[in-house]
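Me: I would like to go through the labels attached to this model and ask what each one rests on. Please set each value against its cut-off.

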Amino acid sequence: MKNESTNEDVAATWVDVNNDGKTDLVIATGGNVYFGNDTYQQPRLYLNEGHEHFTRVNHAFDNIYLTASCVVPYDFNGDGYVDLFIGARAVPWEYGQVPQSYLLENDKQGHFLDVTSQYSPGLSKIGLVRNALWYDLNKDGRKDLIISPEWGGITVFINEKESFKKQMLTGKKGWWNFVLPVDINGDGNIDLIAGNQGLNNRLTASPKEPVRLYFNDFDDNGKKEQVLTYYLEGHEIPFASKDELQKKIPLIKKRFLYAEDFAKASLNEIFSENKLKMSDTLTADYFASSVLMDRGGMNFTTVPLPWLAQLSPCKDAVVINANNDSLPDILLVGNFYDNNIQMGRNDADFGTILVNKGNGQFTCESINGLAIKGQVRHIEKINIGKQEAYILARNSDSVMVIKFATDVGKKK
């Protein structure tokens, strides 16, 4: 696999695709280097031949090219062979354009076929997918597909056996990172912990004053550009500075010789009203990490988590028992360092425990004697002997393993 080190792998799953009793490996690739029908944009399948030997299957994903964010397995057609959903994060070099995601059916021979239009035509262009999860949300014995998007509301595709029916779980448009299903209040309904951008950053979003991304060819050079905007004192303004914008859109320099004139200009004076109107526009109006409480019949109410859970983007979470009671507690992890200077690093989370107080209420606690440093992307529960532990995958850093100390509520 040395010759495949060029791939920018972003997600993987261990699953037996050919029912031979050995676990195979599916890898999805991402990044913004390759584009179009480049082979580096294709997922890959490695069959387990036994004795720690894996063989790549050629043509496992013919005609499937994407910058992926996630790959999640489930036998959605019920034939006994595992199928896949692969979510697309973006279109390389065309951020703002909606990419194509895929429901892929296992042909039992080590190949996967695109059946998205057959099962749910709207799923292929669901948006910029950050994460996805198969979970039986309506308790009918079939797993449903829950999508966490950027610039959209959390959506579930209800599994109706031969098709999937789209249902919004929250119309609040955020930069959603994940959902964690758990019955928070013990009423028998499944609630969702939902990680978002958080509230401790320069960009603020509300229905009245949202964050927007305009995607259009603003200078008529045949190449579309992105313009990110937010509201300041009631006025919608570009997030980028004049110097940053004019590098991509040179006409800015011609229209505004001086930074002072640019700073005083309205958005419609910087870009024509027609250009803005004709742009592909993405909107975010809610950045709070939240719990979606099922009030019955899959009617969800979105409730923000406490302020101390909003200090950094929440990237993942796991259910824990922090105080040895009957209510599920939550360990949140996150951070994101790769913002530009104007935005600054999101580095304020060192591991946050949501202590469940009942009725959907939480208090936030830090982890006693431990600081989880770095950009945590994923956390999973594992067993070390007979004791539960948690493995944390950190971006550009080592893997970290933590577990409860002898005294419940304290961690090593």
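Me: Which residue in strand 27 stands opposite Val376?
Reply: Val376 stands opposite Arg394. This is a predicted model, in which local features need pLDDT of at least 70, side-chain atom pairs count only at pLDDT 80 or more, and totals for chains, interfaces and linings use all residues. Residues are numbered from 1 along each chain as its sequence is written, and side-chain values use heavy atoms, with hydrogens and water left out.

Me: What makes strand 26 and strand 27 a pair?
Reply: Two strands pair if DSSP finds at least two bridges between them. Strand 26 (residues 376–384) and strand 27 (residues 387–394) have 8 bridges in the antiparallel sense, so they pair. Strands (E, at least two residues) and helices (H or I, at least four) are DSSP runs, numbered from the N terminus. The hairpin has 2 residues between the strands, and Gly385 takes a positive phi near 65° there.

Me: Why is the pair of Phe218 and Phe271 called tilted?
Reply: Rings of Phe, Tyr and Trp (its six-membered ring) pair if their centres lie within 6.5 Å; planes under 30 degrees apart count as stacked, over 60 as edge-to-face and the rest as tilted. The structure holds 15 aromatic pairs. For Phe218 and Phe271 the centres are 4.8 Å apart and the planes make 50°, so the pair is tilted. Phe218 and Phe271 are 53 residues apart, each in a loop.

Me: How do you know that the side chain of Asn131 makes a polar contact with Asn177?
Reply: A polar contact is a pair of N or O atoms within 3.5 Å; within protein, one must be able to donate a hydrogen and the other to accept it, and residues adjacent in sequence count only if both atoms are side-chain atoms. The side chain of Asn131 reaches the backbone oxygen of Asn177 at 3.3 Å. Asn131 belongs to strand 9 (residues 128–135).

Me: What makes the chain as compact as a globular protein of its length?
Reply: The chain has 6 helices and 28 strands. Its radius of gyration, taken over C-alpha atoms, is 23 Å, close to the 22 Å from the globule rule (2.2 Å times the number of residues to the power 0.38) for 412 residues, so the chain is as compact as a globular protein of that length.
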